[in-house]
Amino acid sequence: HDFVFFDRKTGVFGLLNFGVHGNPYDSKRGWGSVLSYIVDPSQKIFAELKLIPISQLKVTSYNPNFVCDNFSVVLLENNSFNVAGKMEQTSFDLNFKVVLPPVTDKDIFMEVLKEQNPNAKMLLAAQEMNRQWESWVELPRLFVEGKLKVNKKKYEIKTNQGYQDHEGGCF
């Protein structure tokens with residue numbers, strides 16, 4: 001799972017990644033991972049990685065849940081995800097809810113143009129992204145709400161600038 005959000009009010013960007021690597025059916029050859037990448041309002045980056053032995057992780061091919069002692073991703077009946085965890089510098093308790101249908105990459109580009117005047121670097125980046133992701137044409141819009149703690153500073157997150165890579169089967 002990739003969960004991404006940007007809260008304009010607090011100026012906080014976050015990417016939370018939950019993965020299963022190796023053989024999830026062999027506890028000697030499988031691992032779970034949690035990556036937390038947070039950018040605070042002063043643009044300071046906090047990045048942490050936690051590896052979890054597969055024997056301590058509850059995952060199944062029947063649902064997208066990812067649960068262990070300090071971390072959980074749980075798909076709720078309302079098609080939202082509760083995402084919680086505690087690392088050395090960061091902790092989070094967030095809910096990601098699909099509130100609007102996905103938009104095309106053209107819609108995203110038009111939104112960016114409304115916010116700022118594009119420069120040559122932005123156009124080159126958009127061109128490269130389109131080249132690499134030409135078959136990837138939709139980006140869901142999720143409402144993200146909850147609490148985030150970064151380096152002992154607490155933030156209340158409330159934004160509609162959220163993304164999740166699998167949308168919980170909503171689309």
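Colleague: In what order do the elements run from the N terminus on?
Modeller: Bear in mind that this is a predicted model. From the N terminus on, the order is β-β-β-β-β-β-β-β-β-α-α-β-β, which gives two helices and eleven strands in the protein.

Colleague: What share of the residues counts as buried?
Modeller: Of the 171 residues in the protein, 33% count as buried. The protein exposes about 11,000 Å², and carbon and sulfur atoms supply 53% of that area.

Colleague: And what about contacts between residues at least 24 apart?
Modeller: If you take the contacts between residues at least 6 apart in sequence, 48% of them join residues at least 24 apart.

Colleague: Switching to the surface, which residues make the nonpolar patch?
Modeller: That patch, of about 570 Å², is made by Trp31, Leu35, Tyr37, Ile45, Leu49 and Leu51, and the elements that give two or more residues to it are β3 and β4.

Colleague: Take Leu49 then, where is it placed, and is it buried or exposed?
Modeller: Leu49 sits in strand β4, and it counts as exposed because its relative accessible area is 58%, where the cut-off for exposed is over 50%.

Colleague: Now charges: which residues gather in the patch of positive charge?
Modeller: On the surface, Lys86, Lys149, Lys152 and Lys154 gather in a patch of positive charge. One of them, Lys152, lies in the loop between β10 (138-150) and β11 (153-164), and Lys152 is classed as exposed because its relative accessibility is 75%.

Colleague: How many salt bridges does the structure hold?
Modeller: The structure holds one salt bridge, in which the side chains of Glu156 and Lys147 meet at 3.3 Å, N to O. As for Glu156, its relative accessible area is 54%, so Glu156 is exposed.

Colleague: Let's go to the backbone; what is the phi of Gln43?
Modeller: Gln43 has a positive phi of about 75° although it is not a glycine. Such a value deserves a remark because most residues other than glycine have a negative phi. Gln43 is found in the loop between β3 and β4 (45-53), and with 58% relative accessibility it counts as exposed.

Colleague: What about the phi of Asn151, and where is that residue found?
Modeller: Asn151 also has a positive phi, of about 50°, without being a glycine, and its place is the loop between β10 and β11. Its relative accessibility is 41%, so Asn151 counts as partly exposed. Lys152, from the positive patch, is found in the loop between β10 and β11 as well.

Colleague: How far apart in space are Asn23 and Ile54?
Modeller: They are 8.7 Å apart in space, C-alpha to C-alpha, while 31 residues separate Asn23 and Ile54 in sequence. Asn23 has a relative accessible area of 31%, so it is partly exposed, the class that lies between under 20% for buried and over 50% for exposed.

Technical notes. Residues numbered from 1 in each chain as written. Predicted model: local features only at pLDDT ≥ 70, side-chain atom pairs only at ≥ 80, totals over all residues. Heavy atoms only, no water. Helix = DSSP H or I, 4+ residues; strand = E, 2+ residues; numbered from the N terminus. Buried < 20%, exposed > 50% of the residue type's maximum accessible area, 1.4 Å probe, protein only. Contact = heavy atoms within 4.5 Å. Areas by Shrake-Rupley, 256 points an atom, 1.4 Å probe, with all protein chains shown as cover. Patch = residues over 30% accessible without salt bridge, like charges linked within 9 Å, V, L, I, M, F, W, Y side chains within 5 Å. Salt bridge = Lys/Arg side-chain N within 4 Å of Asp/Glu carboxyl O. Lys, Arg positive; Asp, Glu negative; His and termini not counted. Charge placed at Lys NZ, Arg CZ, Asp CG, Glu CD.
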